[in-house]
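Here is a short briefing on a structure with its sequence. Please read the two side by side.

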Amino acid sequence: MRTLPIARPAAVWFASLALAAAPAARADTDRDPGAAADFPVHRDEISLGGGARALRSPSANALTAANLAGASVGIARDLGRDLGLYDAAWPLHQLTLWAEAGFVTGAADGTLFQTLSTTIDQLGFTAGVAARYRVHRRVALGVRGALGAQRARVAITDGSGSSAYDHGWGTLAQASAALDLFLTTRPHFGLGVRLDAGYVAAQGIALTLHSDRSDDAMLLAMRPLSLGHLDLSGPTAAISLVAQF
Amino acid sequence: MYAVPSEDRHRLFVITRGEQAVHPGEIDQPPMFWVVDAQHPGPAVSYPIGSPFDRIAVSPDGNLAIAYYAAGGTDPDGVFRNPNELAVIDLTRAADAGNPALETIRSFGSVPDGIALSPPMALPGGADPTPRTFAFILSAGTLTVLDTTHPDRHEVSIRLDLAGSGVIPRAVVFAPDTASAYVRSDLARDVLQVALEPQPPDPTDPGDNDFRAVVAELGAGGGPSDVAVYDDATGRRVVIAATPDTHQVVVIDANTAQFRSIPIPDPINRVLVFPSADGPPHRALFATISAASAAGTGTAVAGLPRLWLLDLDHLADPLAQVAPVEIDLDQPVHDVVPIPGGDRALIVHDDARTVLGVLDLATAATSPLLGAGQLDSYAFSPTGDYLIGATQGVARIGFVELDNLHPTDFRLDDPPDHVLATANGKIFVDHASPFGRATIIPSPTAGRGDAIVLTGFLTAGLLDEEP
């Protein structure tokens, strides 16, 4: 018998997925009192993924025409369960409330004045809450809001290779909506994919370019002039692998 | 982009050629002419000029500018370009439908090599006593005069065939009191005088001028290689022309066209007059400097180790014997530069600018200076007390106190690219950083503790700018 030419690792992955999903439908025993019968209950979550932030501000567009792209790591815990909110007065059995913390990176390259190379690197730390609603045992919708801080670093390099750079910190606020698709929903472990779209409102970060000097000679007094404020606000899109347990 | 400073260096005039957006996020930018006023910080004043011109001529009073194309070629990115198009910009008023005024000058096959704008000149005896600025547009074989106060009127084209074949006008000096200009041309026999005389316009032609251009040859008697103009103590305008073909220097009374020839054995190609503190100059200096080509002939000229000094005070006296004084030097002259504020000149002896001399015109004495490296950029302090020099790649600025020729150095943090002396006595050392990096030294005698390094001035506030 001839089979479809699926690469062996992919075939194994699909088979594992099917095996993992099938028994999960029968093994959900850890349920919240009052929760719907076939919905899994997990208390903790780890997510790992990547995403992009479209840069729309004039300051960011002055440095690059690209979007910030990078990775993200997040953890979350079912806050409603810890606080005992899921009692009879809880409005919806499928609605859960989570506390989240995340770390996101991003980078973009560009050109300034057609001759200078620019690089923007960004690190973001956020904490917030999310509300998730299970519309199906494998599907959840969520909204989240987070506050945090981000570090932005800008480097500008000329044709000779010499560069000037600076970094700074600023606050950010993020709101997004997410679609969770769970591939497996075992009682003590769930694995899925999260599609997330939202918007980051970021504080403009004041930057003043500096250059390194390799020698230790006594230098003249220096008066650097500010490059201005870098605004990394923009809409975001992310995809991440989510593990719940 | 092309930029030139105003004569007083308080304003900078910039042409940005404009771009049409290519990538998302970019916006169209038309060709613009910008005026940046260093004395009054604020947004630059802009004028849309319609075409990507790449040269600017500014009137001496700074009230008018003309943007035009360089003779070397127009913007290669365009489909059609008109090399004889000009944008006449009235800088005293904001941009409007008539400002800038786009004009195309009549051409006989040539394109502008340069434009000289006159100081405000009133036509003597004319019905309109308002001083105006006239543009003298130089192109091979043709001199075009345009009344920039009325750019809608016809331009006046002057064929230079009468001055010789293949004549290329090179330099114009003005006599505003007589509404005249003196034109030195390559391959011309003489200096041309162009006098603007009033003439009632044709009432049936709204574009007719109220003047005519009267051209006369001033008897230099040979192809002038350099000219200088000054007003003597009586207010008489005098033109000095060097004619290397005849080994003479010709002194011409611009009002009467009378001239006096002074023989000098060397083929002089540089004429300098030295204004004195009390007004009219008293001395003129003549030199034969090395040049790649002479008068457009393609013939290289070797510098000579001699200078000639002429006393100007008695030139008007026909009975006075006028004889230039020869000043012998050790080495050929590559360049001669007047030092501001006194009767001194800097003599550059080689093209690497490593051997210099300071000539005191009062005593005709020269003092040698040796540069450790090539003098790539130099300036004089506004009072003429110091020579300030820089060598690229050497992180130092050199000062020479010109009263006693005492040299000193100032150590910099970065190699210099260009040095400027500002009118308030400060020294601006540019380090050619794309971000803007300059060392500001308060005075030639200041120490390192008094200086500051200004960085990032070319990108200052870049991220705060709105598109």
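Predicted model: local features only at pLDDT ≥ 70, side-chain atom pairs only at ≥ 80, totals over all residues.

Residues are numbered from 1 along each chain as its sequence is written, while chains are lettered from A and ligands numbered from 1 in the order in which they are written.

**Chain B overall**
- Chain B has zero helices and 36 strands. Helices (H or I, at least four residues) and strands (E, at least two) are DSSP runs, numbered from the N terminus.
- Along the principal axes, the C-alpha atoms of chain B fill a box of roughly 65 × 65 × 40 Å.
- Of the 467 residues in chain B, 37% are buried. Buried means 20 or more other C-beta atoms within 10 Å of the residue's own, exposed means 12 or fewer, and partly exposed is in between; C-beta atoms are placed from the backbone.
- Among contacts in chain B with a separation of 6 or more, 43% link residues 24 or more positions apart. A contact needs C-beta atoms, placed from the backbone, within 7 Å.

**Nonpolar cores**
- The largest nonpolar core holds 109 residues, and B:Ile66, B:Val239 and B:Phe286 touch the most other members. A core is a set of buried Ala, Val, Leu, Ile, Met, Phe, Trp, Tyr and Cys residues joined through C-beta atoms within 7 Å.
- Apart from it lies another core, of 23 residues, including A:Ala62 and A:Leu232.
- Not counting residues up to four places away in sequence, B:Ile66 touches residues including B:Leu86, B:Val88 and B:Ile115.

**Hairpin in chain B**
- Strands E25 (residues 335-339) and E26 (residues 344-348) of chain B run antiparallel, joined by five bridges. Strands pair if DSSP finds at least two bridges between them.
- B:Pro338 has B:Ala345 in E26(B) as its bridge partner.
- Four residues separate the two strands of this hairpin, and B:Gly341 in the turn has a positive phi of about 85 degrees.

**Contact between the chains**
- Chain A gives 25 residues and chain B gives 24 residues to the contact.
- Four bridges join E9(A) to strand E36 (residues 452-455) of chain B, and the two run parallel.
- A:Arg223 has B:Leu454 in E36(B) as its bridge partner.

Terms used: Contact = placed C-beta atoms within 7 Å.
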